Amino acid sequence: MPVPTIIIFGASGDLTSRKLIPALFRLDSTGLLKEECQVVGMARTEHTSEEFRQLVEPKVKEAILASGQSWFAGTWSRFARRLHYVAGDAALPQGVRVLGDWLKNREADPGGDRLYYFAVAPELYTEIAARLGEAGHNREERGFRRVVVEKPFGRDLASAHEVNRQLNEHFSEKQIYRIDHYLGKDTVQNILVFRFGNSMFEPLWNRRYIDHIQITVAEKVTVGKRAGYYDTSGVLRDMFQSHLLQVLSLVAMEPPSQFSADRLRNEKVKVLDSILIPSPGEALASMATGQYTGYHDEKGVPQDSRTPTFAAVRLQVDNWRWKGVPFYLRSGKGMTNRYSEVTIQFREPPFRLFPQRLGHEPEANRITIVLQPDEGIKLSFQTKVPAIEGTELQARDLFFDYKGTYGSLPEAYERLLLDAMQGDASLFMRGDEIERSWEIIDPFVKSLAEANAPKPESYSIGSDGPPSANELLAKEGRVWQKLG
Ligand SMILES: NC(=O)c1ccc[n+]([C@@H]2O[C@H](COP(=O)([O-])OP(=O)(O)OC[C@H]3O[C@@H](n4cnc5c(N)ncnc54)[C@H](OP(=O)(O)O)[C@@H]3O)[C@@H](O)[C@H]2O)c1
């Protein structure tokens, strides 16, 4: 078991108190953090370690209770003893010097393994990495030195390339762990197990049997307090470049020769490489965008903002397996439900053997992988409705309920933090993966910025998005699956 020191830049921020410390607390409670492992938070505001513990405790408690677990004050007190705070500006040499002094005097395993977590604004990633590098915090003499970088990673191909270049000046690719927390979800990892841990699905997983694939990541929440930031980003940058393309690559990739970080990521990059990059005109024709009503009233959003809060995009994976099978991706805020799923829509049987009841279109087979919240897998197939006379067909589901079978699922950040400590980068994005994802999404973002681009269509909060999203599929004779 690793005994690293975990250094969190951005200690007093939202991510740290809502996700990172709760995840470390849970790892500690389940015995996965060694007794000697220490967590050092750093931010510019002056606090003592004791004040820092008191500051984060209520937020950690809230996160633990919200996930349906019990709160034990004694367990927290024991964990809190390993939480420390160092005040300083990590983007300045002086700040990193103060941190260095703390580590020299207080680290349980002096000079041992260290994980540096960048839970700060994205503009600071390269600054902090540079200060760490200049102070020698990148040198792996006695223990590892790894940096964990949060999303967003750049805002287009050029900026992501520049962030990679600057990080690589001080840290090698093997030392960089780029987070997309979606990959930490068990249900997302289960896509690979479902495909490659079974022999019955993979022979059908191709253009011969599959008509199209849908990937939906719907959020019920609106932009809320993040409106100012969100308006400079929009749904394509916020969700498509990362979560949706990550899920797509797991659904579409070839099996790697070994379950190792680089072999797995090589296969994901190959899928991304096969996606056709559209011209601006093609991008507009294969996309529908929306903005929920009331978006302009959110604090920090300009009245004339054309930032989409919803998008549906059609992508083509142009390779041997998928040629001609459209991948429809959609995501939005202010939708009916918080709901993420992958739908594998199979083709209809080659001919209709059974008479169809008037007005009842036959439903072809479908596999639905529900990523959240009712995690599970549904297999829809035709059955004969019991009757003495005739043969009437009706589609029915076989359902695997993840939580019902296994109980609660671990939080994504637990898995990812543990993997980063153990040096398993399988569930983190490599630099080339990120850059290729931007290359795919950039034309969609840029085409919307053109003067002649249509404005995002309004949709009501609590709906399934704008009608143009339905038209995108309807013109190809298809429909979206209803949001769960
Ligand atoms: N919140 C989420 O759920 C979430 C989800 C996914 C990704 N992320 C990403 O995670 C990062 C952090 O997000 P957040 O929501 O936690 O932000 P936040 O609430 O604004 O917190 C930022 C933190 O950074 C500290 N900070 C600012 N400048 C610093 C510096 N020079 N040196 C050291 N600390 C500094 C701030 O404290 P001081 O002002 O005291 O320095 C504060 O603790 C962002 O990149 C965000 O995009 C967040």
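Biologist: Which residues do ring pairs link into a cluster?
Modeller: Rings of Phe, Tyr and Trp (its six-membered ring) pair if their centres lie within 6.5 Å; planes under 30 degrees apart count as stacked, over 60 as edge-to-face and the rest as tilted. The cluster that ring pairs link consists of Phe9, Tyr116, Phe118 and Tyr125.

Biologist: At what pLDDT do side-chain atom pairs count?
Modeller: Residues are numbered from 1 along each chain as its sequence is written, and side-chain values use heavy atoms, with hydrogens and water left out. This is a predicted model, in which totals for chains, interfaces and linings use all residues, local features need pLDDT of at least 70, and side-chain atom pairs count only at pLDDT 80 or more.

Biologist: Is the pair of phenylalanine 25 and tryptophan 76 stacked or edge-to-face?
Modeller: The structure holds 20 aromatic pairs. In the pair of phenylalanine 25 and tryptophan 76, the ring centres are 5.5 Å apart and the planes stand at 75°, so the pair is edge-to-face.

Biologist: Which helices hold these two residues, and what is the relative accessible area of tryptophan 76?
Modeller: The pair links distant parts of the chain, 51 residues apart, with phenylalanine 25 in helix α1 and tryptophan 76 in helix α3 (residues 73–80); helices (H or I, at least four residues) and strands (E, at least two) are DSSP runs, numbered from the N terminus. Buried means under 20% relative accessible area, exposed over 50%, partly exposed in between (1.4 Å probe, protein chains only). Phenylalanine 25 is buried at 4%. Tryptophan 76 is also buried, with a relative accessible area of 3%.

Biologist: How many residues apart in sequence are the parts that phenylalanine 52 and tyrosine 85 tie together?
Modeller: The rings of phenylalanine 52 and tyrosine 85 have centres 5.1 Å apart and planes at 40°, so this pair is tilted. Phenylalanine 52 lies in helix α2 (residues 49–66) and tyrosine 85 in strand β3 (residues 83–87), so the parts tied together are separated in sequence by 33 residues.

Biologist: Over the face of which residue does arginine 146 lie?
Modeller: A charge sits over a ring if NZ of Lys or CZ of Arg is within 6 Å of the ring centre and within 35 degrees of the ring normal. Lysine 185 has its charged end over the ring of tyrosine 182, 5.2 Å from the centre. Arginine 146 is 3.5 Å from a ring centre, over the face of phenylalanine 144.

Biologist: Which residues of α10 meet α14?
Modeller: The axes of helix α10 (residues 261–274) and helix α14 (residues 431–449) come within 10 Å and cross at roughly 15°; axes are lines fitted to C-alpha atoms, for helices over the stretch in contact (heavy atoms within 4.5 Å), and angles run from 0 to 180 degrees between N-to-C directions. The α14 residues involved are Asp432, Glu433, Arg436, Ser437 and Ile440.

Biologist: How many residues of helix α13 are buried, and which residue follows the helix?
Modeller: Helix α13 (residues 412–422) is mostly covered, with nine of its 11 residues buried. Among the elements that cover these buried residues are β1 (5–9) and α1 (14–29). With a positive phi, near 80°, the residue that follows α13 is glycine 423.

Biologist: What is omega for the peptide bond from glutamine 372 to proline 373?
Modeller: Most peptide bonds are trans. Proline 373 lies in the loop between β12 (366–372) and β13 (376–385). The bond from glutamine 372 to proline 373 is cis, with omega near 0°.
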